[in-house]
Amino acid sequence: MAVAGGIPRSGRGKGREPAEGGPTLFTYAGLGWFGIRPGAWLLLIKEGEVSWRSMAQIYRDSGGYLVSTAGHCGKVGDVATVIGVLGNRRDIPVLLDFGRFVASIDQGLGRDWALIRVEPRWEFLVNPTMAFWGGPKGMYTRIGSVASLVFPRDSILPQVHLNPDPSLAQVVVHYGHGLGVGTGGTPRAGVALAWLPDHFMFFGAVSPGDSGSGANALLGEGLGRTMQAAGIITHIWVDPMMREGVGIMGGTRATQVKATLVDGELLPYPFPAPGLP
């Protein structure tokens, strides 16, 4: 199994310069999209090396806003950075250090998530609505497989069992910054295969750099419950022996993140604009 890793870029330099306060009007999330939001471009800069990732859903607790992403993207204490009109770094003025990792779990498929605490002065940049797609509106919580393979003892041919629950056959929509298919920020959709208690799997197009991006279940759990949070995309492919199910893409379910999900809006407006439909 391989994680949907970020894109490292080595470079010369003495590492990050001290961050200083400074105003900014907005931050870059993707082509035509702005704000600290699901799907936005996330940078980690360490000792002259830059790696890029993607953001997942927005959560909150008593301390304010938290941005979710993959646990293998960063460790507790790591600084999270985005591109802004006016940044707060001396080395590259357009870069904005907006928060730090305060939780990070990296224990494989379904146990791979992290939270970044947004500094209070940058909370006005937070937009819980996923770029391009909109949502989430609550969490998708169903458990089951769309289809499963059973190998009878008296046959070498598997039997396909279909689950009669139509809500499991979800279109999984996501937005991220993967290399090639996601460069610049790209909306994509896949087909759900399985919803396990801690992870989900789907057929779709994901590449390095998409790691940490959020995914929503398009139809949700029923009438009026569309575009629900599915979770965080973390793995490009899963076990070919099918010990964890059938599929080529996987992620940690939103239910596993230890914080309260913040709902977005169904209309995916490009700027943070509270009060719009």
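**Ground rules.** I worked on a predicted model, where local features need pLDDT of at least 70, side-chain atom pairs count only at pLDDT 80 or more, and totals for chains, interfaces and linings use all residues. Residues are numbered from 1 along each chain as its sequence is written, and side-chain values use heavy atoms, with hydrogens and water left out.

**Chain totals.** Helices (H or I, at least four residues) and strands (E, at least two) are DSSP runs, numbered from the N terminus. Of the 277 residues in the protein chain, 52% are buried; buried means under 20% relative accessible area, exposed over 50%, and partly exposed in between (1.4 Å probe, protein chains only). I noted an accessible surface of about 12,200 Å² for the protein chain, with 62% belonging to carbon and sulfur atoms. Areas come from the Shrake-Rupley method with a 1.4 Å probe; for residues, only the protein chains shown count as cover. I then took the contacts (heavy atoms within 4.5 Å). Among those between residues at least 6 apart in sequence, 66% join residues at least 24 apart.

I checked strand β5 (residues 41–46) against strand β6 (residues 49–54): the two run antiparallel and are joined by 6 bridges. Strands pair if DSSP finds at least two bridges between them. Lys46 has Glu49 in β6 as its bridge partner. The two strands form a hairpin with 2 residues between them, and Glu47 in the turn has a positive phi of about 45°.

**Aromatic pairs.** I found 7 aromatic pairs in the structure. Rings of Phe, Tyr and Trp (its six-membered ring) pair if their centres lie within 6.5 Å; planes under 30 degrees apart count as stacked, over 60 as edge-to-face and the rest as tilted. Tyr28 and Trp41 are edge-to-face, at 6.0 Å centre to centre and 70° between the planes. Tyr28 lies in strand β3 (residues 28–30) and Trp41 in strand β5, so this pair ties together parts 13 residues apart in sequence. Tyr28 is partly exposed at 21% relative accessible area, and Trp41 is partly exposed at 22%.

I next looked up Phe200 and Phe202, which are stacked at 6.0 Å centre to centre with 15° between the planes. Phe200 and Phe202 are buried. Ring pairs link Tyr140, Trp195, Phe200 and Phe202 into a cluster.
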